[in-house]
Every structure is written in structure tokens, then in C-alpha cells.
Amino acid sequence: MSAQAMRRESPFKPNWWARLGYLLAFAYALYAMSFLDISWSRFISGLGNGADFLSEMVPPNFERWKLLVGNLLETIQIAVIASAFGVLFSLPIGLCSARNLMPDWLTWPARTVICICRSFHPVIFAILFVKAVGFGPLAGILTLVFASIGFIGKLFAEAIEEISLKPVEALRAAGAPFMSVLVFGVLPQVFNRFVGFASYQFDANLRNSTMVGIVGAGGIGGTLFAAFQRFDYDFLCAILISIIALIMVSEFLSVKVKALFR
Amino acid sequence: MSNTRKWVRLTPAERLGRFAFYLIAVAAFMMSVRTVEVIPEFLYDAPLQVQDLFSRMWPLDFAYYPEGLHGPLLETLHIASLGTLLAIVMALPVGLMAAENITRVPVLNWFAKLILVSSRTVNSLVWALLFVAVFGPGALAGTVAIGFRSIGFCGKMFAEALEEASEGPVEALKAAGAPWLTVFLKGYWPQVAPAFWGILLFRWDINVRESSVIGLVGAGGIGMALDTALNLFEWDRVGVVLVCIFSIVILAEILVTNIRKRII
């Protein structure tokens, strides 16, 4: 009896493959650190700099709050306009790339547009748009419109592909025109998810609109970069705090909006 | 037919709420369009300008790749991978602290959530700026920036996975008198490990994108080559850099999609 119990497999046997994986990850980290010229001494001297940096950041300096508020407003404006146009454009593009409703010759171009919008980081689009339309919020808006199309277009297309086709077939059988099929057969099934995507994208646009200013595309990022370059670290800290506060407020609001449309 | 029932999908309060939302959204949009300082003339000739931009990029200067771009491209990949590893190490404790079924102290939960929100709110470019000030320009600043930026995402997803874990095995272990670390390693970890590796892969994919641009503020990688080429108006080189970033991002995405299919 006891011998049999001894032969039973251990429930917690060591997983040697996992251990090998951890070892490989560790070895890779060492290799990458040597490749990137990261050393312990640099890290330690950096910590000293970091302490200086932090001591200059505190206390945050809110003296130029008018500039701060004005820039935050511009950031919000960029996000609002970009989300509105982004959602507006991504609706038809997402619809065109849904394979269950549209023919192949239409889904391929639409999918290519979405793929191009997704492929680059928004900062790269921001640089290109700053060169094309000059400094200012317009470049930021265009950047975020592209980012929104890439994100919402893709998710919206996937949402449409997952719908039940029964109402659509019923409407078609009853001889409804195409627009009616969309409005009464497709839209009710995807509307709630669409509101979710849109509010998520607004959130993302708000976050990114604080960043596009670093390359000159309007919003608070420009002020942040200027404060950084002029070593105004206490003002920098004030800007960072207000950005975080703004995003937290918007996250709270987006939870409320999602609850409203559930 | 006299019994005409009326079906109402939403309560009046819900309807009012939705109406208010639409109203506020439209009002915010109108206000933004009116007050934002956009010069419309610049928009009209944008297509012309973009055309000009691309005509200057063509033909691409591919001879630049072996001498000036191969190294930075590898550096970008290493920054992304090492940054992701750093992020896991930092996100694990924060995620544990944020999961309400593991840490039963509300103050600690809130503190962890504040860390997660701050990490996600500050853009990777801004994190990179901060760490360039701390560590000086170069890959070290970039790696740490990528790591700090990723804590929020990884930690949040990890905490959510932990909160969804079934309590059965955990209770069994606790009843048998297992110490805390064993409860975590044998009770929670096997349940959340697949989610954890999925999050990690997904984040690596995002980090490849992000680490390709943090060089614009001096934090290493191919972004630094892009910045140099932009400042010198060498548009044919800018074109090559963009092609490189595009290919590496697409390759990373294909790789991640294939690995995900295998492990999930």
C-alpha cells in the first residue's frame, strides 16, 4: 500500500522547460545589457542624478497656471476634434472591411488603409504632418485622426464580422434597401461595443495629444518639452501632475459613459 | 387588440442620461472647432506638401542601411525586449498589490492603482525625456523608460487575471497549511500563467513600436537615426528609416500572432 503511494507522481513536479526558459531570459538580459552598454556604475551615477532631478521637481510650481490651463484646453480640443473625425471616418472604413457584408474588392483596400494607419507610431505621423501642415494643433489633430482610424476601424470591422446574420437575412428577404439593412440589422448589434471603442479611443487620444506637442503638433507636450529644455523642472512637475489628473478625470467619466450605454 | 402594450427599452432616466451625453459631446466638439487655433489655409495645400515630401524621399538611400541603421535597429529590438523584462519584474509586485483578492488592504490597492494609472498616463516619450535627464542620452534611458511605461499595462492586466482566478485550489492549499509563497506559486500562478505570457507577448509587440520612436528625444534606438536624418533634411534617409521601422513592426506583429496561436 505504502509502496504504491510512493510511486504516485508528484503533483508539483519541477518544470524543467520553464526553468530553462527563465535561465535563457536571464542570459538574454545580460547579453542585451552588454550590447546596450548598460552598466551598474552608470546606473548608480544615474540614481544620483535622479535624486537631484527629483529634488528640483518638488515642490511643483503652479505659478504659470494660465499657460498650463490654456495648453490643457488645447490638448482637450485636439482630442475631441480628432476623436469626432476619427470615429466619423472609421465607421465607413470599418464597415467596408467587414468580410461578411462586403465583397472582396472593397474589403482589401479598406483593410490596407487600416493597416497603414496602424503601422506607425503616432509620433511618426505627427512628424510627417508637422512637415506637411506646419506647427500647431492641426498637425496633432490629423495625427490622431489617423491613429483613431487604425484602431477603431479594425475593432469595428471585427465587431461587425461577429454579428448574427439572421436579422440581416430577414431584412434582405423582406426586400429592405441596403441602408435599412445597415441601420436596422447591423447597427443595433454593434452599437454598444462601438460606444465602448469610441470612449476608449477618446481616452487614448487624450493621452496621445499630450505627447504630439513634443514634435511640435500642438497641445501641452510643446510646453512640457520647452520646460524640460529650459531646466524648469518644477514647472515640468506641475505639467505632469496636471496631465495625470486630467487623464484620471477622463477615465472616471468614461466609466460613467460606458455604464450609461450598457 | 385593445390591450396595446407599449414596450420601452430604456427608463426615462437612462434616456435623459444618453441625451445629455450626446448634447455634451456635440457641444464640446463645436466649442473645440471654434476655439482651436487652426489655420485652414495650411490644410488646403497639405496634399501638395505630402506629395513633395514623398518625392524628396524617393529614391530611397538603401546604401545607408548597413553603415548607419543595422546597429540602431538591433538596439531598438534589445531596448524593447529588455524593457519588457524589466517591466515584468516591476509589474509583478504592483499587480499583486492591486489585486483586491490577494492584497486585502484598500489603501495598498489604491496606492498600486495610482502607480498603474500614472505609468500609463505618462507617454513613453515623456518617460524617455525624464530618464534622459537622469541617466543621460542613450539606450539605458530608453530601456528604463520602456519598462516604466509598461508597468501600467502589464500590472493592470495581471491584476485583472489574478482577480478572476478561482479560489478553490487556493483554499485547498490554505487548508493544508501552506505558507503564503506556496499558496501563490501553486494556487494562483498556474491559473494566471497563460494570461501572464499573453500579456507579456502583447506588450513586447507594443514596445517594439514605442522603442522605435523614443530615440527622437535621445533615448537610443533607431529613433535617433530618424532624428538626425530629419534635422539634416536627408529625406532619402528618412524614407529608409521609415521602411525599416515599418518592416520591424510588421515582423514583430507576425511573430507575436504566431506564438500566441501556439501557446493559447
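**Notes on a predicted two-chain model**

1. Let's start with one residue: Trp197(B) is partly exposed, at 32% relative accessible area. Here buried means under 20%, exposed means over 50%, and partly exposed is in between, with a 1.4 Å probe and protein chains only. Trp197(B) sits in helix H9 of chain B, residues 180–211. Helices are DSSP runs of H or I with at least four residues, strands are runs of E with at least two, and both are numbered from the N terminus.

2. A quick word on the ground rules. This is a predicted model, where local features need pLDDT of at least 70 and side-chain atom pairs count only at pLDDT 80 or more, while totals for chains, interfaces and linings use all residues. Residues are numbered from 1 along each chain as its sequence is written, chains are lettered from A and ligands numbered from 1 in the order written, and side-chain values use heavy atoms, leaving out hydrogens and water.

3. Areas use the Shrake-Rupley method with a 1.4 Å probe, and for residues only the protein chains shown count as cover.) Helix H11 of chain B, residues 235–263, gives the most to the patch, with three residues.

4. Glu210(B) and Arg149(B) form a salt bridge, 3.4 Å from N to O (a Lys or Arg side-chain nitrogen within 4 Å of an Asp or Glu carboxyl oxygen).

5. Arg209(B) and Glu253(B) make another salt bridge, at 2.7 Å. That one ties helix H9 to helix H11 of chain B, the two residues being 44 apart. Arg209(B) is buried at 14%, whereas Glu253(B) is partly exposed at 25%.

6. Finally, the record. UniProt, in an unreviewed entry, lists residues 239–259 of chain B among the transmembrane regions; its annotations may be inferred rather than shown by experiment, with shortened feature names and positions in the numbering used here. In the model, that stretch is 100% helix, with end C-alpha atoms 30 Å apart.
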